[in-house]
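Hi,

Here is the model I promised to pass on. Have a look at it first, and then read my notes below.

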Amino acid sequence: AGKIGSEAFISSFCHLYGLRAWMFRFGNVIGARMTHGVIHDFIRKLKANPAELLIRGDGRQEKNYFLVEECIDGMGWSFRNIPMTDDKPCDIFNLGTTTISKVTDIADIVKTEMGLSGTRIAIEGTKQAWPGDQPRVHITVERMRKLGWEAGHTSDQAVRIAVRRMLGKI
């Protein structure tokens, strides 16, 4: 509700005061300096106990992940290539990949990159991993693709790159 409300305020200001705005809705932005989220949590948990990894929720979570530099590139590309006018002073764009990553696949990527082959995966079995969690997020980025921009990596590729960066492999 806060995000939609903020977009409405920005739109109002653009129309009232002649401002221009490119507003963005992101998939999950990931990179080397993450301080929270599933990748960060899995690495932290496996460093503490490489024998078992607990996946919170029902294990069916799936979301769009993309690299921070691709997020920045998409915003810059939009600013340079999508003009705003007096009739349309602002617009909203989704940025991310056309693919999703399943939480179990993320667990496998983290295990592999940490060199852990014998780790047991345990799934908590609850409906949501935490209050407010959105277990399945399938952001559509078709409009950006049609406009001429798309992320260079799939969601799984972005996850693997981010894991390697967090582990100091890249």
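Helices (H or I, at least four residues) and strands (E, at least two) are DSSP runs here, numbered from the N terminus. Counted that way, the protein has six helices and eight strands. Starting at the N terminus, their order is α-β-β-α-β-β-β-α-β-β-α-β-α-α.

Two bits of housekeeping. This is a predicted model, so local features need pLDDT of at least 70 and side-chain atom pairs count only at pLDDT 80 or more, while totals for chains, interfaces and linings use all residues. Residues are numbered from 1 along each chain as its sequence is written, and side-chain values use heavy atoms, with hydrogens and water left out.

Now the overall picture. The C-alpha trace spans about 60 × 35 × 25 Å along its principal axes. The accessible surface (Shrake-Rupley method, 1.4 Å probe; for residues, only the protein chains shown count as cover) comes to about 9,900 Å², and 54% of that belongs to carbon and sulfur atoms. I call a residue buried under 20% relative accessible area, exposed over 50%, and partly exposed in between (1.4 Å probe, protein chains only). Buried residues make up 37% of the 170 residues. For contacts, meaning heavy atoms within 4.5 Å, I looked at pairs at least 6 apart in sequence: 88% of these join residues at least 24 apart.

On charges, Lys and Arg count as positive and Asp and Glu as negative, with His and the chain ends not counted. Each charge is placed at NZ of Lys, CZ of Arg, CG of Asp or CD of Glu. The mean positions of the 24 positive and 19 negative charges are 3 Å apart.

Helix 2 covers residues 38–48, and its buried residues are Ile 39, Phe 42, Ile 43 and Leu 46. Looking down the axis of helix 2, these buried residues fall within an arc of 95°, so they line one face of the helix. (The arc is that of the directions from the helix axis to the C-beta atoms.) Their cover includes strand 2 (28–30), strand 3 (52–55), helix 4 (103–113) and helix 6 (155–166).

Helix 4 has its own buried set: Val 103, Ile 106, Ala 107, Ile 109, Val 110, Lys 111 and Glu 113. Among the elements covering them are helix 2, strand 3, strand 5, strand 7, strand 8 (120–123) and helix 6. Just after helix 4, Gly 115 takes a positive phi of about 75°.

Lys 63 sits in strand 4 (residues 62–63). Is Lys 63 buried or exposed? Lys 63 is buried, because its relative accessible area is 13%. Its side chain makes a polar contact with the side chain of Asp 133 at 3.1 Å.

Leu 67, in strand 5 (residues 65–67), is buried with a relative accessible area of 0%.

Thr 97 lies in the loop between strand 6 (90–95) and strand 7 (101–102), yet counts as buried at 3% relative accessibility. A polar atom of the Thr 97 side chain lies 2.7 Å from the backbone oxygen of Thr 99.

Cheers

How values were computed: A polar contact is a pair of N or O atoms within 3.5 Å; within protein, one must be able to donate a hydrogen and the other to accept it, and residues adjacent in sequence count only if both atoms are side-chain atoms.
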